[in-house]
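Reader: I have a structure to look at and would like to go through it step by step. Could you begin with a term that I will need?

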Amino acid sequence: MKILFFDCASGISGNMTLGALMDLVENGQEYLVTELNKLNVDGYHIHFSKQNKNGILANYVDVHLEGHHHDHGHHHEHRNLQDVESIINQSEIEEEAKNLAKRIFMRVALAEAKVHGKPIEEVHFHEVGAIDSIVDIVGCAILITKIKPDAIYSSVVNDGYGFIECAHGTIPVPVPATCEIFANRKALTRQIDVPTELVTPTGAAIISELACSFGKAPVMSMDKIGYGCGSKDLPIPNVLRVMQGKMEAEEDTVTIIETNIDDTTPEVLSYTMEKLFEKGALDVFYTPIFMKKSRPAYRMNIICKNECLETMRDILFLHTTTIGMRYRKEKRFVLPREIVERDTPFGKVHFKKVTHLDNVYYYPEYEDVKKISNERNLSIKEVYRKL
């Protein structure tokens, strides 16, 4: 399975993430610009450069606002969450990238609303509304969707100490929004002896949404390493390092969660299933059962990565009426697979490429098949047959 490990020894920000992920995508800079153009947002241009940070060469991505001074948050156009989601929804980027970007923005929005003491719909904040944050977060979602990792892990996230100046005045480090984002995620963080901000709210939201767990790197064989840097020169390398590698399928274990529910509705179960899949569940299903006093009920089963147990648990407690659940670890065999693009009579189509012994199998991705079916007015089974 393909995994990513974010080494946040010097914190994380949006542009550091873009810089590191670009190294993991073929022609990453060109691909990023091409996809970002599908946002249909103007008023900015991106400068790409290489910078040396304590002997480490890294990508520096700088979003310049046209006709504005680029001075760390001032003179930005203010937008609220609805404005940002409207820009994303109306864009032409992939649906998976849209959904990931909106989930990251929601993390920032919830934190800003709490810090400022306002309902989320009333908060107008440059941290989310500014074009550079839109580019950072949507760009990250675009590159992650292209890389398609099976799992993402993070180190403990380091931040600095002291105070920084922002649009609201002098505030402490870690900044309040970053603290709220990490508290909501129960992320593992610490302060190190560097007297400045290392983690931006955008960076905190990105890693909180992406990472299944925080700690040491898992056992893996490394394939590629990406480096993205920030603008500051620090005593330590101001670099985010993202490692791409593989974990052996033979060592794969998963967590199975079960809960019996006799006082809920199908709508609640359907919505809960959606939220579980959004947060990384590998599979979810529910089965009709009879419980005590012959009451009809459902047993909900979730298969997830071991690191996602707490996330799955919290979703079940939040969205269903269950007051308890069982879980266990199980081993599983998983055939090596990857998503590839192939030329077909319908143009380029994504396939799942699966290998077993000397055999290779290609299975067309359902979302592509559905899109072709709608565009060509063909039945699903006819599209599958031709592919």
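Author: Let us begin with burial: a residue is buried under 20% relative accessible area, exposed over 50% and partly exposed in between, with a 1.4 Å probe and protein chains only. The model is a predicted one, in which local features need pLDDT of at least 70, side-chain atom pairs count only at pLDDT 80 or more, and totals for chains, interfaces and linings use all residues. Residues are numbered from 1 along each chain as its sequence is written, and side-chain values use heavy atoms, with hydrogens and water left out.

Reader: Is Cys-229 buried or exposed?

Author: Cys-229 is buried, because its relative accessibility is 0%.

Reader: And how many disulfides are there?

Author: A disulfide is a pair of cysteine sulfur atoms within 2.5 Å, and by this rule the count is 0. Cys-140 is in no disulfide, and the nearest cysteine sulfur, that of Cys-8, is 11 Å away. Cys-229 is in no disulfide either; for Cys-229 the nearest cysteine sulfur, again that of Cys-8, is 15 Å away.

Reader: What is the relative accessible area of Cys-140?

Author: The value for Cys-140 is 0%, so Cys-140 is buried.

Reader: Let us step back. How many helices and strands does the protein chain have?

Author: The protein chain has 12 helices and 18 strands. Both are DSSP runs numbered from the N terminus: helices are H or I with at least four residues, and strands are E with at least two.

Reader: Why is the chain called as compact as a globular protein of that length?

Author: Its radius of gyration is 22 Å, close to the 21 Å that the globule rule gives for 387 residues, so the chain is as compact as a globular protein of that length. The radius is taken over C-alpha atoms, and the globule rule is 2.2 Å times the number of residues to the power 0.38. Along its principal axes the C-alpha trace spans about 65 × 55 × 40 Å.

Reader: What share of the residues is buried?

Author: Buried residues make up 46% of the 387 residues.

Reader: Where is Thr-17, and which residues is Thr-17 in contact with?

Author: Thr-17 is in helix α1, residues 14-22, and is buried at 0% relative accessibility. Contact means heavy atoms within 4.5 Å. Leaving aside neighbours within four places in sequence, Thr-17 is in contact with Phe-6, Ile-12, Cys-140, Ile-206 and Leu-240.

Reader: What about Val-157?

Author: Val-157 is in strand β5, residues 157-159, and counts as buried at 0% relative accessibility. Beyond its neighbours within four places in sequence, its contacts include Cys-8, Ile-12, Phe-182 and Ile-207. The C-alpha atoms of Val-157 and Ile-207 are separated by 9.0 Å, although these residues are 50 apart along the chain.

Reader: I would like to turn to the backbone. Which peptide bond is cis?

Author: The bond from Val-173 to Pro-174 is cis, with omega near 0 degrees. Pro-174 is in the loop between β7 (169-173) and α7 (176-185). As background, most peptide bonds are trans, and most residues other than glycine have a negative phi.

Reader: What is the phi of Lys-293, and where is this residue found?

Author: Lys-293 has a positive phi of about 60 degrees although it is not a glycine, and is found in the loop between β13 (283-290) and β14 (296-305). Lys-293 counts as exposed, because its relative accessibility is 72%. Ser-294 has a positive phi of about 60 degrees, lies in the loop between β13 and β14, and is exposed with a relative accessible area of 57%.
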